[in-house]
Structure formats: C-alpha cells, structure tokens
Amino acid sequence: MSRCFSWQIWLPRVLMLAVCLLGIQYVAGLMLRAHAVKTTAAIVGTDVQIDHARVGLLKHEIVLNGLRIGPEDSAGDAVLTADQCILWLEPKPLLYKQAVVDRGRVFGLKFAIPAENNAAESSAGGNAAATATAAARLFRDDSELVAGEWFANVAQRLKQDITSRLESVQRTEAFVNHWSNQSTNLENRGNEILRLAALLQDAVEAARSNPLRNAKYLFDLPDKVSGLENDLAALLATFEKLPDELETERRAIIAARRRDETSLGKPTRLDSVEANAISAYLMREQAAKPLLELLSAIDWVRMTIPAKPVQHQTANRGAELLFAGCQRSPDLLVRALDVSGSARIANQPVVIQGVLHNFSNAPWLGSEPIRLRLRTAGSAPIELVAAIDRTHGAVRDTLLVDCQGLLMPELKLGRSEQVAMTIAPAVATLSMSVMADGDKLTGTIQIVQSDVHIKPAFGGDLADTSLAAPLEESLASIGNLATRISIDGTLNDPRCTLWSNLGPAVAEGMERALQKAGGDQIRLLMANADRQVDERLAMMERQVAEQHARWQAQAEKLNGNLEKLAASATSPHRTAEERIGRQPAKSSQVR
Amino acid sequence: MFADLVAISRRITSVMLSGTAPAQLAVGFTLGAIIGFVPKTNLIALSLCVLLFSLRCNKGIGVATAIVVTLTNGWFDPFAHKLGMIVLSYHPLQGVYAEALTMPLGPWLGFNNTVVTGSLLIGAYFAFPIYFFARAFFAGIHSVFARQPGARLGLDAELQPRAAL
C-alpha cells in the first residue's frame with residue numbers, strides 16, 4: 001500500500017495522464033479546425049480560414065483564432081475577419097451528439113468591402129450601365145423619362161427665339177414690307193411720270209419742227225402737261241403723307257410693344273410634371289445599388305439559412321432514421337454569441353457590439369428565430385435588429401435599422417449630361433424596415449438629411465442657361481432632405497417606389513429659376529426686338545426722307561420743264577396764226 | 001533517443017504480430033472484417049476497435065483486414081442499407097430504439113443509420129462462418145509452415161523428441 005504513495009509510482013502516471021490529455025487536446029484542436037472550416041464553408045458558401053483552433057477540456061471551451069471568411073483581396077483582407085472566437089460548450093448535450101454553445105464571444109470582428117468593389121465604385125461610369133439596368137429593374141415606371149423630357153422641354157423653351165413672334169416686330173415687318181411695296185409703286189409711278197414727261201418733251205420737239213401738222217397736238221399740249229403736273233403733284237402729295245403714315249405706324253408699333261411687354265411679363269407656366277418623376281430622375285440610380293445589395297443580402301441569408309434540410313450530393317452513407325418519440329434537434333446551437341469589432345460605414349470607422357441569439361445549423365428545428373442585434377458606437381450610432389425565422393415552416397426575414405446622426409458622404413445625383421445635383425456631406429437619419437415573408441417583400445427605407453446644401457449643375461442644352469444660380473438659391477431654402485423608398489413585390493420581382501421632397505423642391509426651384517431666367521430672357525428679347533424695330537423704322541424713315549427729297553428735286557425739275565413746255569406751247573405767235581388763219585409760206589406762189 | 005524509437009517500434013510490432021495461433025489469427029481476421037464493414041464515424045466501430053485491441057488475438061491481421069474490407073465496403077452498402085432499413089423499421093422495436101437513441105451517448109452509437117445497423121448485422125451474421133473458415137485456413141497454413149524440430153536435419157517424425165510433439 002505504501003508503495004502506491006511512492007512518488008516513483010504516481011508521478012510517471014500523472015505525467016503520462018497529463019501528456020495524454022495534452023495530446024488529446026492537440027488532436028482535438030486539429031480535428032476541430034478542419035471540421036469548423038468545412039462546416040462554416042458549407043454554411044456560408046465561401047472560403048473560410050482558421051489560423052489556429054484549441055479545445056479546452058477543463059473549461060469545455062473552443063477557441064478559434066484568426067478567423068477569415070470570404071475571398072481575400074489583393075491586400076490580404078477578407079470580407080469578414082475575427083481575431084478570436086471563444087465558444088463555451090454545454091457538456092451534457094455533447095453526450096447526445098449536440099454542440100450547444102451557451103455563450104460565446106467574438107473579438108476583433110472586422111468587415112471589409114473588397115477593394116475591387118471600391119475600384120468599381122470609383123471608376124466613374126464603369127458600372128453605369130449595370131446600375132441603370134438595376135434601376136430599371138427595381139423602379140418600373142417611366143417617370144425618369146418623363147422628367148428627362150421635361151428638362152429637355154425647359155431647355156428648348158429657354159433656347160427658342162420668340163422675337164419674330166412679338167406683335168411689335170410682326171407689325172414692323174408688315175409695315176416695312178407694305179412700305180417697300182408702296183415705295184416701289186411710287187418709284188414706278190414717278191418713273192412713269194418722268195418717262196411720260198420725256199416722251200412729251202420729244203413729242204413737243206417733234207411737233208415744233210412741224211407746227212402746222214401738229215397744231216392739234218400742240219393745242220392739246222397744255223392739257224397733257226397739266227395732267228402730268230397733276231400726277232406729279234399727287235405723287236409728291238403721297239410722298240409727303242408718308243412721314244405721317246410712318247408716325248402713325250410708329251405709334252401703333254409702340255402700342256404693340258407695350259402689349260408685348262405685358263404678355264411676356266406674365267409668369268411663364270411650365271408644363272406640369274409629377275414631382276416624383278424628378279425625384280426618380282435624380283435619385284433612382286443612386287438608390288438602386290444599395291437596394292440591390294440589400295436584396296442580395298436577403299438572398300444570401302435565404303441560401304445560407306435554408307428553411308428545410310438541403311440534400312447534399314455527397315450524402316452520408318445510409319439514412320439517419322428518427323424513431324417514434326424522438327425529437328430531432330440541431331447538431332449545433334449557439335444560444336448567445338457576443339460580437340465586438342469594427343467596420344467602416346459611410347467611410348466612417350465605427351465600433352460594433354452586438355449579440356447573436358439562437359443560431360443553429362438546422363434552424364427549422366428550433367422554436368425561436370435567429371436574432372441578431374448590433375449596435376455601433378462612435379460618430380454613427382446605428383442599431384440593427386435582424387430576425388431570421390425558419391421555425392414551424394415559416395420563412396420570414398426581418399431587418400430593422402435605425403441610425404441617428406449618420407454622416408453621409410457627398411452624393412452626386414442625376415445625370416451630368418442634363419441635370420445633376422451634388423449634395424454636400426450632411427448628417428442623416430436612416431430608418432429601415434424590410435421584411436421578406438416567404439417570397440413576399442415589403443419594406444420602407446427612409447433617410448432624412450438635415451442642413452443639406454444642394455448644388456445643381458446643368459449640362460447639354462441646359463449648360464449655357466442661367467438656371468443654376470437661381471435654382472441653387474431656391475434649393476438653399478430646403479432645410480431637410482427626406483427620401484422614402486417603399487419596397488414591395490417579391491424577391492424575384494421586387495418593385496420599389498421612390499419619394500423625396502427633392503423632386504418638388506427642384507420643380508419649384510426650376511419654376512422660380514425659369515421665371516428669373518425667363519425675365520432676363522424677356523428683357524433681352526424685348527431689347528433685341530426694340531432695337532430691331534427701331535432700326536427698321538429708322539431705316540425706313542431715312543429711306544422715306546431720301547425718296548421724298550429725291551422726288552421733290554426731280555419734281556421741281558420736271559415742273560420747270562413742264563412749265564417751259566407749257567410756255568412754249570402757248571406762244572403768242574401760235575395764237576396769232578390760229579386767229580388769223582393759216583398764212584402762206586414766203587416761198588408759196590399763193591403769196 | 002533512436003534506441004527508444006526502435007524500442008517502441010519493436011513493441012508495437014510485437015503487439016501487432018503476437019497471437020499467431022490459428023484461432024487468434026481467425027479472431028483478428030473476423031473482427032477486422034466486421035470493422036471494415038461498419039462505417040467508422042460512430043461508437044460501434046470504435047468499440048469494435050477497442051475489442052480488437054483488447055482481445056488476445058492477432059491485431060495486425062485485424063487491422064489489415066479492416067483496411068482491405070473498408071476499401072470494398074461500397075459494394076455492400078445498398079444491401080446493408082436495405083437490411084438496416086428493414087430492421088430499424090420493425091415496429092415492435094421502435095420504443096427500444098427510441099429509448100436507446102435518447103440515452104446518453106446513444107446518438108454517438110449511430111445505430112439509427114441504416115448502413116451502420118445493416119453492416120453490423122451482416123458482420124455479426126457472417127462472423128462465425130468467417131471465423132470458421134479463417135481458422136481452418138490459418139490452421140492449414142500453420143501446419144504447412146509450422147516449425148518441426150528435426151525436419152531441418154531430415155529426421156523422421158518417430159525420431160523426433162517427444163517433447164516436440
């Protein structure tokens with residue numbers, strides 16, 4: 001008996017037992033690591049790496065170090081990494097081939113967005129077509145086209161020249177045309193008078209050479225001269241009336257100009273456009289990407305946590321039967337897992353703390369849904385509550401996100417080739433409630449950005465308009481920018497509706513900007529029209545004066561000639577001959 | 001150090017090769033065949049292994065037989081599955097099965113797997129025939145290759161010492 005208490009007996013045995021336990025622990029760690037990598041990769045469907053695994057037999061704990069889930073990027077960062085994961089197992093369920101984690105802790109959890117995604121985001125237009133396709137898939141209405149056409153209509157309205165449609169200009173043009181015809185007619189009449197006067201001059205010269213034969217002609221000459229003088233006087237009278245007509249017409253044109261000013265001064269009414277169409281135009285593509293990521297996340301959750309056992313192609317040998325009275329239970333159950341780590345949300349580092357409840361590898365066997373509650377600390381306090389319910393045949397995923405004071409980065413909305421808005425970084429409140437019940441999808445996402453500064457930018461046809469400054473001034477009055485996205489439809493056929501107060505604000509701002517820009521344009525138009533009218537009238541006045549002066553001079557000259565003609569035709573010699581009869585020539589034999 | 005390793009190797013080798021009597025060889029062969037039949041990820045297979053190393057039999061031939069039969073057991077799985085399904089579906093025993101399954105370590109036994117139960121039953125059913133024929137076979141081999149004193153010197157059996165018999 002005393003031999004048993006000898007240290008030479010018990011010490012080697014104790015050491016042997018310790019070495020065996022350490023060996024078992026080491027081998028169990030290796031087996032656990034291999035099993036955990038295989039199981040986790042099967043669950044999440046991506047690469048999983050674990051640097052080191054350890055099994056604590058005395059504390060019945062499992063320690064996984066250097067956990068990396070997801071493909072590594074060029075910098076060696078996986079999507080999800082954790083420095084250490086400690087799981088405390090309940091010993092009794094191990095007898096029943098179950099691993100029940102009563103409590104666990106994950107330290108140093110880090111979320112990282114793969115660098116290629118960032119690169120894709122940063123490359124402007126790199127995935128623009130894909131985003132546009134995604135937006136068209138989610139938002140199935142033509143409001144974006146309607147808004148695009150509306151902006152094009154605004155551009156066309158600002159670009160068009162309505163000077164020719166002004167009454168004053170039209171009246172001036174009509175008067176100028178009328179005067180041009182009238183001037184031509186007067187010129188023709190004057191020329192005709194000159195021609196007749198020349199003909200008369202020639203005829204008189206000819207008649208004088210043979211007065212006897214043309215006595216009758218010479219006798220009628222005063223009447224003809226008188227007729228020409230009358231025509232000339234009428235022509236001159238017409239010319240003299242022209243300044244009065246011009247003045248009358250000028251007054252009429254001035255009255256028309258006033259009417260033009262009155263009519264153009266009325267507020268320009270744009271075609272009514274649905275404000276949501278402008279919101280959709282500006283925000284749809286920006287909203288489509290996170291929405292698609294959200295839907296992809298729901299799809300990933302559905303695939304990762306199925307509602308019924310998945311039949312693997314490499315199934316175990318035989319079939320596991322469940323006898324009557326036996327209750328199937330999950331092989332792995334995590335009752336509570338404390339999570340602490342960090343992530344970058346909206347380019348801000350945040351500290352994450354949360355708890356994962358009731359996670360199991362067979363959630364359809366559980367009685368309570370899987371719940372995840374995450375809370376971030378720091379500059380962006382976010383609270384996320386997710387419930388994944390697969391119990392009793394239900395397939396229901398719920399996601400609630402509440403964030404107060406999220407600093408949103410600079411956002412670029414709209415299209416640079418037409419209308420774009422740049423929203424400066426602002427503090428936002430995010431509220432999200434999304435539920436996928438079976439295939440049915442419902443939810444609301446609401447973002448309210450406070451103290452926003454919106455800077456509009458125009459391109460294309462609107463680039464050289466003066467809308468930007470008044471629109472920016474008008475948009476400066478927006479205190480809070482609220483955006484709400486309603487989600488419905490199904491997971492395969494999601495439909496989203498976007499509402500924002502940015503659309504009505506932009507519509508109203510465009511209206512005001514258009515008023516202001518329209519006023520400037522009207523002033524410019526009126527000035528151009530006035531200048532055009534004045535130039536035309538001045539030119540016409542000058543032409544009238546020149547024509548009048550020219551014909552006045554010609555009329556005086558012609559009158560002089562006609563008076564000479566008339567005087568020559570009414571000489572006393574001729575009168576004596578007529579009175580005394582015809583006198584024979586000196587060479588006549590009658591004489 | 002090297003001597004220690006050699007000593008351990010010699011010890012393992014002696015353990016694996018000990019028990020060279022035909023009966024011990026047949027027991028090892030039979031247990032190896034049953035272990036080979038049964039899927040290994042359960043306590044039944046582990047118990048059979050413990051049994052193999054606990055009994056006074058030839059462990060080497062048991063391990064070798066288990067490896068060889070394991071490589072060929074895919075051929076027997078369909079039949080083992082059908083047999084296990086029939087046995088495990090036997091209604092009067094459902095309560096017993098359920099009781100056994102809900103006992104501590106019950107699920108580790110894996111007997112609710114059709115192939116495990118079927119292959120175990122096949123092994124148990126064929127255990128005695130395997131043992132019988134294996135023993136006869138090893139006895140024959142033993143009689144051929146058994147060391148007979150004096151045979152090396154060309155002496156007749158009658159001239160051999162009595163003690164050698």
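How many helices and strands does chain B have? Chain B has 9 helices and 0 strands, where helices (H or I, at least four residues) and strands (E, at least two) are DSSP runs numbered from the N terminus. The model is a predicted one, with local features needing pLDDT of at least 70 and side-chain atom pairs counting only at pLDDT 80 or more, while totals for chains, interfaces and linings use all residues. Residues are numbered from 1 along each chain as its sequence is written, chains are lettered from A and ligands numbered from 1 in the order in which they are written, and side-chain values use heavy atoms, leaving out hydrogens and water.

Along the sequence, then, chain B simply reads α-α-α-α-α-α-α-α-α. Take the contacts (heavy atoms within 4.5 Å) in chain B between residues at least 6 apart in sequence: 76% of them join residues at least 24 apart. The accessible surface of chain B is about 10500 Å², and carbon and sulfur atoms own 73% of that. These areas come from the Shrake-Rupley method with a 1.4 Å probe, and for residues only the protein chains shown count as cover.

For a closer look at chain B, Thr65(B) sits in helix α4, residues 59–72. Thr65(B) is buried, at a relative accessible area of 8%. Setting aside neighbours within four places in sequence, Thr65(B) has Phe29(B), Gly32(B) and Ala33(B) as its contacts.

Over in chain A, helix α1 runs through residues 7–44, 38 residues in total, and spans 53 Å from first C-alpha to last. That is close to the 56 Å expected at 1.5 Å a residue, the expected span being 1.5 Å times one less than the number of residues. Buried residues in α1(A) include Gly29(A), Leu32(A), Ala36(A) and Val44(A). Their cover includes β1 (48–56), β2 (61–69) and α8 (275–304) of chain A. After α1(A) comes Gly45(A), with a positive phi near 75 degrees.

Another glycine of chain A, Gly341(A), belongs to strand β5, residues 332–345. Gly341(A) is buried too, with a relative accessible area of 14%. Not counting residues up to four places away in sequence, Gly341(A) touches Gly108(A), Leu109(A), Val350(A), Val351(A) and Ile352(A). Of these, Val351(A) is 10 residues from Gly341(A) in sequence and 5.9 Å away in space, C-alpha to C-alpha.

Definitions and conventions. Buried < 20%, exposed > 50% of the residue type's maximum accessible area, 1.4 Å probe, protein only.
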